[in-house]
Amino acid sequence: MIKRLAVLVEGQTEETFVKEILSDHLSQYDIFPYATRVCTKRVGNCRRYRGGVDSYTKIKTDIQLLSRDSNINAITTMFDFYAFPTDAPGYSSLPIGNGYVQVEYLEEQMKQDINDTRFIPYLMLHEFEAFLFCTPEKIAYTFPNSEEKVDLIRTIAQSVESPEEINNSPLTAPSKRILNIFPEYEKPLHGCLTVMEIGLDTIRSQCSHFDQWLTKLEHL
């Protein structure tokens with residue numbers, strides 16, 4: 001039976017990921033995802049301005065709008081855990097522990113807040129760029145003749161057990177580290193191109209939180 005999956009995403013990069021990578025993978029399970037970018041501002045009934053999200057209320061509003069469609073089999077999200085809105089339920093009471101403990105707690109609080117059995121919350125640890133550290137040499141695909149810089153990315157990747165552990169600081173989050181090495185990096189362009197080169201299997205093998213989410217989607 002064909003199933004429809006609504007994916008509320010943070011921005012253009014995640015939208016492209018759903019359209020170009022996730023949909024191709026899930027189609028073999030007869031699951032067809034479509035991405036909706038979170039709306040950060042509404043003017044009247046139709047005009048929308050989109051960009052970074054600064055409030056959980058805006059995320060919740062869009063999830064509730066999606067949930068009105070009874071033909072949707074499941075609703076999920078793709079947002080960075082890094083710089084996630086601090087007004088999200090559970091954010092002020094995050095448990096002491098590593099990123100996995102904290103992100104799973106926050107996702108559970110979101111699930112309870114939305115209160116829809118179809119809702120599968122997912123926050124990326126700590127952001128989309130973590131996936132690029134799975135196979136650093138693939139970054140050379142989008143940045144030719146950059147072997148020395150790729151070595152710097154490789155050194156960072158080798159310092160952690162999983163790219164998902166590259167942390168949450170404004171100075172050391174995955175995207176900040178990449179920009180420090182590749183100032184010309186543009187997330188919507190280089191991010192998805194590199195992830196396509198790396199492939200889902202490699203990302204799943206190194207990023208357990210991502211793998212758990214994708215497994216849930218495969219078993220809808």
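Predicted model: local features only at pLDDT ≥ 70, side-chain atom pairs only at ≥ 80, totals over all residues.
Reader: Let's step back to the whole chain. How many helices and strands does the chain have?

Author: Nine helices and seven strands.

Reader: How do you know how compact the chain is for a globular protein of that length?

Author: Set its radius of gyration against the globule rule. The chain comes out at 17 Å, and the rule gives 17 Å for 220 residues, so the chain is as compact as a globular protein of that length. Along the principal axes, the C-alpha atoms fill a box of roughly 50 × 40 × 35 Å. Buried residues account for 50% of the 220 residues. Among contacts with a separation of 6 or more, 71% are between residues 24 or more positions apart.

Reader: Now the rings. How many aromatic pairs are there?

Author: The count is nine.

Reader: Why is the pair of phenylalanine 17 and phenylalanine 128 called what it is?

Author: Look at the angle. The ring centres are 6.0 Å apart, within the 6.5 Å needed for a pair. The planes stand at 80°, and over 60 degrees is edge-to-face, so that is the name this pair gets. Phenylalanine 17 lies in helix H1 (residues 12-26) and phenylalanine 128 in the loop between strand S7 (123-124) and helix H4 (139-142), so the pair ties together parts that are 111 residues apart in sequence.

Reader: Are phenylalanine 17 and phenylalanine 128 buried or exposed?

Author: Buried. Phenylalanine 17 has a relative accessible area of 0%, and phenylalanine 128 has 0%.

Reader: What makes phenylalanine 143 and phenylalanine 182 a stacked pair?

Author: Their planes are 20° apart, with 4.6 Å from centre to centre. An angle under 30 degrees counts as stacked, so this pair qualifies. Phenylalanine 143 is in the loop between H4 and helix H5 (147-158), and phenylalanine 182 is in the loop between helix H6 (174-181) and helix H7 (187-198), so the pair links parts that are 39 residues apart in sequence. Phenylalanine 143 is buried at 6% relative accessible area, and phenylalanine 182 is buried at 1%.

Reader: Which residues form one aromatic cluster?

Author: Phe17, Tyr122, Phe128, Phe131, Phe210 and Trp213.

Reader: How do you know that histidine 190 is buried?

Author: Its relative accessible area is 10%, and the limit is under 20%, so histidine 190 is buried. This residue is in helix H7. Not counting residues up to four places away in sequence, histidine 190 touches Thr142, Phe143, Glu184 and Tyr185.

Reader: What is serine 175 in contact with?

Author: Leaving aside neighbours within four places in sequence, serine 175 contacts Glu127 and Glu129. Serine 175 is in helix H6 and is buried, at 10% relative accessible area. Its C-alpha is 5.4 Å from that of glutamate 129, which is 46 residues apart from it in sequence.

Reader: Is glutamine 158 buried or exposed?

Author: Exposed: 63% relative accessible area is over 50%, so glutamine 158 passes the cut-off. The place of glutamine 158 is in helix H5.

Notes
Residues numbered from 1 in each chain as written. Heavy atoms only, no water. Helix = DSSP H or I, 4+ residues; strand = E, 2+ residues; numbered from the N terminus. Rg over C-alpha atoms; globule rule 2.2 N^0.38 Å. Buried < 20%, exposed > 50% of the residue type's maximum accessible area, 1.4 Å probe, protein only. Contact = heavy atoms within 4.5 Å.
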